[in-house]
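Open your viewer and keep the selection panel at hand. We will walk through the model one selection after another, with a word at each stop on what is there.

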Amino acid sequence: MLMGKQKSPDYEDYEWFLKQDLSSYQNKWFAILHKKVIDSGDDVGALMLRVKKQHPKEEPFITRVRTELSIL
Amino acid sequence: MPAKTLIYSFKHTRVQNGTCVRPMIPITLRGTTSFPFIALLDTGCDATVIPDKIAQLIGLNMKGRKTKIFGQWDTGTDAIESTCTMMFLGKLHKNTVILKDVPVLIAVTKEGYDGDITNNCEMVLGIKGIFDHFDITFEKTEDKIILKQVSQSKKR
């Protein structure tokens with residue numbers, strides 16, 4: 001389990017995410033911090049652990065963007 | 001406390017043969033600890049789905065009732081009923097809306113199989129437990145997703 005007190009996530013990182021073409025990370029999970037993709041991978045659990053270890057005081061966003069058209 | 005209104009924009013994504021737009025919004029999930037995500041807001045999804053690897057790491061209760069979730073053409077994925085606290089982030093911190101005890105389904109990774117829902121879908125925010133708290137408007141031509149908090153008396 002992840003522990004520790006962090007800063008609030010940065011809304012500007014969300015706004016940065018909206019504007020970027022992130023298709024090179026197709027179907028991978030990735031982490032965004034300070035307007036950069038700081039890490040990515042297929043395994044979201046491993047990604048979260050790496051990110052938290054490298055940035056224990058920060059709150060990077062984790063997300064994933066499908067590059068196929070999808071329906072339910 | 002006055003009702004809050006959150007306004008987000010659509011995410012434009014390149015896909016095969018063009019682009020599509022998706023309502024992806026910033027949230028923080030909290031169990032015994034918390035983590036921020038950018039998740040798909042999906043009016044076609046009955047419930048919020050969280051991959052089990054995420055649920056474990058943020059410390060959600062994994063001992064709830066077992067169920068199954070189905071996509072359009074799949075044969076079903078095992079899931080566990082749980083709850084979490086969900087924070088819908090506002091541009092200004094004071095606008096952030098916190099929902100407690102939001103019902104969620106934790107999608108369980110199938111042993112030895114890499115093609116299941118937990119590796120192949122983004123986190124999805126569905127109707128149950130979220131749409132009771134917000135009136136949600138999608139304005140694609142204005143590039144706006146508007147979440148207007150519902151007053152207590154209006155909730156059903």
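How many helices and strands are there in chain A? Select chain A and you will find two helices and three strands; helices (H or I, at least four residues) and strands (E, at least two) are DSSP runs numbered from the N terminus. Read along the sequence, they follow the pattern α-β-β-α-β.

Before moving on, two notes on what you are looking at. This is a predicted model, in which local features need pLDDT of at least 70 and side-chain atom pairs count only at pLDDT 80 or more, while totals for chains, interfaces and linings use all residues. Residues are numbered from 1 along each chain as its sequence is written, and chains are lettered from A and ligands numbered from 1 in the order in which they are written.

**Stop 1: the helix α1(A)**

Select residues 11–19 of chain A, which form helix α1. Color Asp13(A), Tyr14(A) and Phe17(A): these residues of the helix are buried. A residue is buried if 20 or more other C-beta atoms lie within 10 Å of its own, exposed if 12 or fewer, and partly exposed in between, with C-beta atoms placed from the backbone. The three cover an arc of only 105° around the axis, so they sit on the same side of α1(A); the arc is that of the directions from the helix axis to the C-beta atoms. An α-helix has 3.6 residues a turn, so residues three or four places apart point the same way.

What covers the buried residues? The cover includes β1 (29–33) and β3 (61–64) of chain A, together with β4 and β5 of chain B.

**Stop 2: the strands of chain A**

Asn27(A) counts as partly exposed because it has 15 C-beta neighbours inside 10 Å.

Next, select β1(A), where four of the five residues are buried. β1(A) runs antiparallel to strand β2 (residues 36–41) of chain A, and five bridges join them; strands pair if DSSP finds at least two bridges between them. Leu33(A) is found opposite Lys36(A) in β2(A). In the loop between β1 and β2 of chain A lies His34(A), which has a positive phi of about 50° although it is not a glycine. Is His34(A) buried or exposed? It counts as exposed because it has 12 C-beta neighbours inside 10 Å.

β1(A) also pairs with β3(A), in the antiparallel sense and over four bridges. Pick Ile32(A) here and look across to its bridge partner in β3(A), Phe61(A).

**Stop 3: chain B and the interface**

Switch to chain B, which has two helices and twelve strands. Of its 156 residues, 38% count as buried; for the 72 residues of chain A, the share is 31%.

Color chain B by pLDDT, the predictor's confidence in each residue, from 0 to 100. The mean for chain B is 88, and 88% of its residues reach 70 or more. Among its elements, helix α2 (residues 117–120) has the lowest mean pLDDT (50) and strand β1 (residues 5–8) the highest (97).

Now show both chains together. Here 30 residues of chain B are in contact with 27 residues of chain A, where contact means that the C-beta atoms, placed from the backbone, lie within 7 Å. On the chain B side, the elements that give two or more residues are β2 (11–15), β4 (24–30), β5 (34–41) and α1 (52–57).

**Stop 4: the nonpolar core**

Which residues have the most contacts inside the largest nonpolar core? Select Ile62(A), Ile25(B), Phe37(B), Ala39(B), Val49(B) and Ile106(B), in a core of 53 residues. Such a core is a set of buried Ala, Val, Leu, Ile, Met, Phe, Trp, Tyr and Cys residues joined through C-beta atoms within 7 Å. β5(B) gives the most to this core, with six residues.

Leaving aside neighbours within four places in sequence, Ile25(B) is in contact with Tyr8(B), Ile38(B), Ala39(B), Leu41(B), Phe88(B) and Ile145(B).

Key: Two residues are in contact if their C-beta atoms, placed from the backbone, lie within 7 Å.
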